[in-house]
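Dear colleague,

Please find below the structure that I am handing over to you. My findings follow it.

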Amino acid sequence: MVTSLLDSARSPCDWLAQAARRWPDSPALVVQDDTLDYTRLNLRTAQLCQILRSCGVEGGATLAVESRCASLLLFLLHAALAADFVLCPLDPRLPKQQRTRLVELARADLVLSEDELVRLVQLAEASTSTSPIHGSERPQPVAAEGSQPVLDRPRLLIATSGSGGSPKLVRLSDANLLASVRAANHRLRLSRPAVWLACLPLIHIGGLSIPLRCVFAGACVALQEGFHAQSALDHLHRDQVSHISLVPAMLAQLLDLAGRPPRALRVALVGGAPLSASLARRALAAGWPLWVTYGMTETASMLTVRELTAADDDPHQLGIPLQGFELRLVDERGEPTSAEGVIQVRGAAVCD
């Protein structure tokens, strides 16, 4: 049976607080050889919310952050939901002109660098270590007093490149995130005590969706800063990882190092680029539980996912859409076609 917060937490703003109440001692995050249960993750998030408030980040504000640090971005994602602000993660490796343009498009109220973020998170950690928790005195995240988050208001502003290569922002609301997480968790049957190894960048929706899916299900995130094949293998074995998200190049590196996966691994999602038939055959022969996925930022991550079950399975076939998505193929006139064409998508997870 899949256990989730599906019936009791309608807004993503409630997910972490409800997870801390429902599964207080369950592992929530493994990061830098430290394991936080849901109580500690909730407490640290609450402290970060308070610190951000002191910097002027109020409910409804937009915070742009220039960092690729996975742990910083994960805490800020939870804080954005708990304190009801909008998060815009920006890749610091982008040219300064592009970052400036994206900040303008986001209409950011505050822009923080990675160094500034590190200082704030360290303050939150210090506050947590000096705040003992007794019995039921578990602090809740600091949401705006008396406020009710609006599900269709933007929560994440994710940078992508347009057809001409110029940067743009995709606006994803709580309603988009809720629909995406529900659909993905239902198809993947994600539940406690699953452990998802997150080694994709959290500046993109593919990485950011992992902690959202896990907190919704009460599962644990094992967080890796960047992708290193040997480190990923260590995590897979040490943390009893059940789920992992990869691009094909990552899968190839893991196969070169290890061959067979550990027994605990149930789902290896592969997306972000086409998976070649030869690599798929090689991975399946070695026992990797491959699921090919297709999605985009505008659909709040994946919209189709399919398990590969045989060595001759075609990894380019997308499979049926996730629950809540409708797809059709149209020609250049916008008419449905069975030949080559453009994929049109609609559903609650699709951005406006």
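Helix α3, in this predicted model, covers residues 70–82. Its 13 residues reach 18 Å from the first C-alpha to the last, close to the 18 Å expected at 1.5 Å a residue. Since 13 of the 13 residues of α3 are buried, the helix is largely enclosed by the rest of the structure.

Asp 84 follows α3 and sits in the loop between α3 and β4 (86–90). Its phi is positive, near 60°, in a residue other than glycine. Asp 84 is buried, with a relative accessible area of 5%.

Ser 301, in strand β13, is not a glycine either, yet has a positive phi of about 95°. The relative accessible area of Ser 301 is 9%, so this residue counts as buried, the cut-off being under 20%.

A cis peptide bond, with omega about 0°, joins Arg 192 and Pro 193. Pro 193 belongs to the loop between α6 (174–188) and β8 (195–198).

The largest pocket holds about 740 Å³ of space. Its lining comprises 34 residues, and Gly 271, Gly 272, Ala 273, Thr 293 and Gly 295 lie nearest its centre. Among the elements that give two or more residues to this lining are α7 (205–217), β12 (290–296) and β13 (301–307). By type, the lining divides into 19 nonpolar residues, 14 polar and one charged.

As to confidence, the chain averages a pLDDT of 87, and 89% of the residues score at least 70. Over residues 131–146, however, the pLDDT is below 50; this stretch has 27 contacts in the model beyond near neighbours in sequence.

Yours sincerely

Terms used:
Residues are numbered from 1 along each chain as its sequence is written. This is a predicted model: local features need pLDDT of at least 70, side-chain atom pairs count only at pLDDT 80 or more; totals for chains, interfaces and linings use all residues. Side-chain values use heavy atoms; hydrogens and water are left out. On a 1 Å grid over the protein atoms alone, a cavity is a set of points where a 1.4 Å probe fits but cannot get out, and a pocket is an open set with protein on both sides within 12 Å along at least five of seven lines; lining residues have an atom within 4 Å of a point. Grid points are joined across faces, edges and corners, and a volume is the space filled by probe spheres set on the points. Helices (H or I, at least four residues) and strands (E, at least two) are DSSP runs, numbered from the N terminus. Ala, Val, Leu, Ile, Met, Phe, Trp, Tyr, Cys and Pro count as nonpolar, Asp, Glu, Lys and Arg as charged, and the others, Gly among them, as polar. pLDDT is the predictor's confidence in each residue, from 0 to 100. Contact means heavy atoms within 4.5 Å. The expected span of a helix is 1.5 Å times one less than its number of residues. Buried means under 20% relative accessible area, exposed over 50%, partly exposed in between (1.4 Å probe, protein chains only).
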